[in-house]
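Subject: Model handover and findings

Hello,

Here is the model I promised. Please open it first; my notes follow below.

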Amino acid sequence: MSVQFPTLRGKAWLLGDNISTDLLSPGPYVHAPNQERLRHVLEAVRPDFAPQVQSGDLVVAGRNFGCGSSRESAPQHLKDLGVAAVVAESFSRIFARNAIAIGLPVLTCAGVRQRVRDAEEIAVDVVSGAVVLSDGTALAAERIPSEMLTVLSNGGIVPMLRAIAQGHAPAAE
Amino acid sequence: MTWAEQILAAKSGRDRVQPGEYVVARLDGFMMHDIFAADVLGLLDEVGIARLHDPERVTVVFDHMVPPPSVAAAAHQRKARELAIRYGIRHFHEMGRGVSHQVMVEEQRVQEGDLVVATDSHTTTYGGVGAISTGIGSTEMAYALATGTLWFKVPESVLIRLEGGFAEGTSGKDLILALMQIVGSDVAQARSLEFRGPGAASLTISNRLTVCNMGVEMGAKFAVFPPGAQEPQEASYVARYTVDLATLQPMVAIPHHVENVRPVAEAAGTRIDQVFIGSCTNGRLQDLRDAASLLAGRRVAPGVRLIVVPASREIYRQAASEGILEALSAAGAIVEGPGCGPCFGGHMGLLAPGERCLGTHNRNFQGRMGSPDAEIYLASPLTAAATAIAGEIADPRVLLRELAAKEVSR
């Protein structure tokens with residue numbers, strides 16, 4: 001199966017280990033309007049992130065990114081702020097599933113946090129897993145399984161749900 | 001096969017499954033709470049899916065923002081209530097019934113051998129009754145409710161053999177906190193933690209629920225006490241650990257991560273502003289009994305707020321009939337109605353900058369309970385009670401020994 005996905009190029013926001021869902025989507029604002037919630041994304045560790053992140057920017061982080069809650073707002077807030085993909089040394093499994101479900105690419109890349117500088121312009125090939133640094137060096141992220149790539153290239157699960165609603169996709173059993 | 005492999009094979013209609021394979025599995029149960037039920041059902045409504053695959057298997061529990069602290073929360077809950085009725089969800093539990101995970105167990109909405117998903121990371125809790133269960137997000141839940149199925153990557157399993165029995169002053173919370181360090185997320189991430197051995201067989205259901213609840217804090221997909229203390233001979237585990245329960249001591253997780261665990265004795269003397277006893281981790285009857293065993297006849301230290309939230313209405317009523325709530329209130333506690341309380345940082349005890357809270361809950365990430373400049377410590381109900389009395393982090397064994405000495409001299 002061949003899945004098309006454009007190469008992502010953007011500025012890297014470098015974050016540490018254990019970036020939790022409480023940092024990405026703080027509980028006190030759970031029912032606040034989305035614009036207000038977006039203002040608080042990562043405010044405790046990168047207060048410059050929410051005001052300055054640009055559409056197409058990339059997040060690069062250390063171990064256990066997205067640990068904590070099942071709240072889908074964690075990846076959704078990053079997507080709403082324009083983040084094109086997250087590359088981290090490892091992900092919490094719920095965050096990774098949620099990210100794919102909403103169409104935000106997440107790539108696991110050993111040692112990436114030590115290799116990328118904050119604000120460096122990098123490129124990410126979601127299909128091959130290549131993470132290309134500004135000096136041309138390519139790091140190899142784990143390849144995303146083809147089933148997940150299909151979900152990503154469709155923009156997440158919602159289009160699949162619309163197809164089910166219209167009787168185009170087999171509901172199980 | 002391991003327990004997780006056995007269940008995933010059965011639910012995906014196969015004789016065998018291997019770790020790393022992707023399977024589409026039939027789900028036995030689905031749970032949503034008040035934060036996400038409206039999002040999930042609203043999404044189904046928006047895309048035009050009018051019927052759930054099997055509404056009988058769906059449970060909704062209002063436990064997080066209860067009673068609603070804002071107009072926005074009240075409106076969100078009204079929407080969820082209306083949609084639950086429209087989608088024919090009969091197993092709907094209004095605010096006051098308790099924390100969803102405790103309610104699922106009390107109402108027997110989850111059984112040994114089941115595969116269950118819920119819109120909450122602490123869904124791993126049901127491993128305490130032999131189910132494999134895990135948290136998912138809103139969009140995946142919408143898909144699961146529409147089709148009755150979900151894809152899973154068959155996880156590798158980690159065997160944790162428990163031996164012996166708990167020493168004085170320790171419980172399931174001290175075990176799971178110790179495991180945060182012994183195993184940790186580098187080993188447990190996306191894997192199934194399988195608890196076996198004579199120590200596992202002797203653990204109470206309450207302690208099993210506590211242990212499985214926090215399995216997710218090291219990233220585990222499932223955490224489960226299967227029936228039978230002995231692992232199947234042909235089962236393959238990616239890592240094996242043996243823990244002698246008798247060697248455990250009271251443990252505490254210090255800010256700002258659950259894996260920053262050390263013996264309570266090493267953090268003793270740290271000044272505390274607030275103590276919270278409750279949550280899906282440690283708001284059960286035995287937890288309240290443990291707290292009352294130290295707090296009855298004593299007072300919370302001046303300057304300390306003690307917030308107690310029983311995990312369910314049944315626990316609340318039993319604790320009331322045993323005089324536990326009276327004893328805790330007399331000691332100076334605020335006893336709140338059943339629910340999640342301040343655990344997730346929505347209301348009922350948020351922290352100011354610079355404040356410190358020690359709680360029996362499950363997560364101490366920066367910003368979890370209010371100000372990002374506050375600090376959260378996690379420990380057992382006995383340690384929480386001893387800390388509330390002392391006004392600083394305290395090893396409960398000191399008070400327990402005093403109590404025991406009084407018993408002898410009487």
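In which loop does B:Pro67 lie? B:Pro67 is in the loop between E3 and helix H3 (71-86) of chain B. Helices (H or I, at least four residues) and strands (E, at least two) are DSSP runs, numbered from the N terminus.

Before the rest, the ground rules. This is a predicted model: local features need pLDDT of at least 70, side-chain atom pairs count only at pLDDT 80 or more, and totals for chains, interfaces and linings use all residues. Residues are numbered from 1 along each chain as its sequence is written, chains are lettered from A and ligands numbered from 1 in the order in which they are written, and side-chain values use heavy atoms, with hydrogens and water left out.

**Backbone**

A cis peptide bond joins B:Val66 to B:Pro67, with omega about -20°. Another cis bond runs from B:Pro255 to B:His256, where omega is near -5°. B:His256 sits in the loop between strand E12 (251-253) and strand E13 (261-263) of chain B. In chain A, look at A:Asn18. Its phi is near 55°, positive although the residue is not glycine. A:Asn18 belongs to the loop between strand E1 (8-14) and H1 of chain A. For context, most residues other than glycine have a negative phi, and most peptide bonds are trans.

**Interface between A and B**

Chain A brings 38 residues to the contact and chain B 52 residues (contact means heavy atoms within 4.5 Å). About 3,700 Å² is buried between the two chains, and carbon and sulfur atoms give 60% of that. Buried area here is the accessible area (1.4 Å probe) that two parts lose on being put together, summed over both. On the chain A side, A:His31, A:Arg93 and A:Arg97 lose the most area to chain B, together 21% of what that side buries.

There are 4 salt bridges between chain A and chain B (a side-chain nitrogen of Lys or Arg within 4 Å of a carboxyl oxygen of Asp or Glu). A:Arg162 forms a salt bridge with B:Glu46, with the closest N and O atoms 3.4 Å apart. Helix H1 (21-24), helix H5 (93-101) and helix H8 (158-165) of chain A each supply at least two residues of the side that touches chain B. H8(A) gives the largest share of that side, 6 residues.

**Salt bridges overall**

The structure holds 30 salt bridges over all chains. B:Asp28 pairs with B:Arg57 in a salt bridge, their closest N and O atoms being 3.7 Å apart. This pair links distant parts of the chain, 29 residues apart. B:Asp28 is in the loop between strand E1 (22-26) and strand E2 (29-33) of chain B, and B:Arg57 in the loop between helix H2 (37-47) and strand E3 (58-61) of chain B.

**Sheets**

In chain A, 7 strands form an open sheet with mixed pairing, in the order E4-E3-E2-E1-E5-E6-E7. Two strands pair if DSSP finds at least two bridges between them. Strand E4 (106-108) and strand E7 (138-140) of chain A are at the edges, each with a single partner strand, so one side of each has no neighbour in the sheet. Strands E5 (residues 121-125) and E6 (residues 130-132) of chain A run antiparallel, joined by 3 bridges. A:Asp125 stands opposite A:Ala130 in E6(A).

In chain B, strand E14 (residues 274-278) runs parallel to strand E17 (residues 356-359), with 3 bridges. B:Val275 has B:Leu358 in E17(B) as its bridge partner. E17(B) is also joined by 4 bridges to strand E18 (residues 375-378) of chain B, again parallel.

Best wishes
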